[in-house]
Amino acid sequence: MLRENHRGFKFDWITIVLFLLLVAFGYLNILSASHVGEVTSYFDTSQLYGKHLIFVGLTFVLIVLILSVEAKFYERFASLIYLVAMLALIGLFIFGKDVNGARSWYGIGSMTIQPSEFAKFATALAVAKYVSDLQTNMTTIKDQIRVAAIIFIPALLILLQNDAGSTIVYLAFFFVFYREGLQQIYLIIALSLIVLAVLGLKFGVVITALVAAVIIASVYFMRKKKRGSILQYIAVLLVSVCFAYGVKLFYEHGLKTHQQNRISLWLRLEKDPAKLERMKKAEAYNLIQSEQAISSGGVSGKGFLQGTRTTGKFVPEQHTDYIFSTVGEEWGFLGTSFVVLIFVLLIVRILYLAEAQKSQFSRVYGYGVASILFIHFTINIGMVMGLIPTVGIPLPFFSYGGSGLWGFTILLFIFVKLDSNKINEW
């Protein structure tokens, strides 16, 4: 399992440098968001930024261990790693610690460990292992169901722990499947369901049914040669209406009040001004403060440790899920653009390297890494800026927390190791 000595290794330093930039800039912003009074020491472990610096130091130890292990180890033991991760998630129902209503942590003294952060790389390994198997054919229903089950199990376990944000991340694997031969019809269905859900909530089932009928009728008349039976189109319409109605019912009776309010605020569903104001104070306070912090930064920002809304602690959870608002206030448009650019470059670089892999396992895993980072990055920044509903999801390498930082580091550097070994693949 130790690092191979034959034929040499070449780590992708572009990926590593982008990672280092994100971690370093992330620490500076955690320092800004968590310091109290004058910063006398960057190593003050009584403060959150001091603790995070310890997490960063241990991250480099973790990187050395990951890169020291034989590349084939990750493929050979992918199933075992996945099994251990699932057992860790199951164990939370018995030994887990409740934090903010979610039973997602193990308490170890004064520290907590969140297994869902490590389940992501374990699932990515398991998916890569199954998809790259010679017997697997992603165009068959049988293999599609089996690989979907690999993703569904951790997603369900995390959802049952009341952590909907982490559950959404598992949608990232849809991009992986699409790259590996999943039919285009699945993409069309997925996008259609999203549109139906939004239309059903925003305009009601009747309007949604009329819109669906017009679109389906248009498709029917445009496909002169391959229309098929009109009953098929009627069936699609009925399914669409039933789905929109089901989403409406689930929204009204299946979601908790705070979840309903977040969606209502996002889609501007509430018409009563008084109730809307109460909802904003209860559910949109974080978002409003975040938006104000970002907008106050202007073009170049107020300067490091100079953000008045950040130092005044106006934005709750600013060192975790809302860390991007610190970037906006203290570093301005230029700083936020820099962060977005680094994330985009990292994701594009991973995709580029994934396509260069000789091993399908490495390629699939690389796409899994890029997809997970993309979902986290997109949702977190979209949430902080009010573009999507508020969901508790961290910004990779930026948000405070050892579990998140280590989970993303393992996810990324396993791929760095696999990529370095491609010169030994035949």
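Student: How are H11 and H12 oriented to each other?

Tutor: Two packed helices are described by the angle between their axes and the distance between the axes. In this predicted model, the axes of H11 and helix H12 (residues 257-267) cross at roughly 130 degrees and come within 8 Å. H11 and H12 are therefore oblique to each other. Angles under 35 degrees count as roughly parallel, over 145 as roughly antiparallel, 65 to 115 as roughly perpendicular, and the rest as oblique. Axes are lines fitted to C-alpha atoms, for helices over the stretch in contact, with angles from 0 to 180 degrees between N-to-C directions.

Student: Which residues make the contact?

Tutor: Tyr251, Glu252 and His253 of H11 meet Gln260, Ile263 and Ser264 of H12. Contact means heavy atoms within 4.5 Å.

Student: Which residues of H10 are buried?

Tutor: An α-helix has 3.6 residues a turn, so residues three or four places apart point the same way. In H10, the buried residues are Thr208, Ala209, Ala212, Ile216 and Tyr220. They cover an arc of only 100 degrees around the axis, which puts them on the same side of H10. The arc is taken from the directions from the helix axis to the C-beta atoms. Buried means under 20% relative accessible area, exposed over 50%, partly exposed in between (1.4 Å probe, protein chains only).

Student: What do the buried residues of H10 pack against?

Tutor: They pack against helix H9 (184-203) and helix H11 (230-254). The face turned away from the buried side of H10 carries exposed residues, including Val206 and Leu210.

Student: How are residues numbered, and what is left out?

Tutor: Numbering starts from 1 along each chain as its sequence is written. Local features need pLDDT of at least 70, side-chain atom pairs count only at pLDDT 80 or more, totals for chains, interfaces and linings use all residues, and side-chain values use heavy atoms, without hydrogens and water.

Key
Helices (H or I, at least four residues) and strands (E, at least two) are DSSP runs, numbered from the N terminus.
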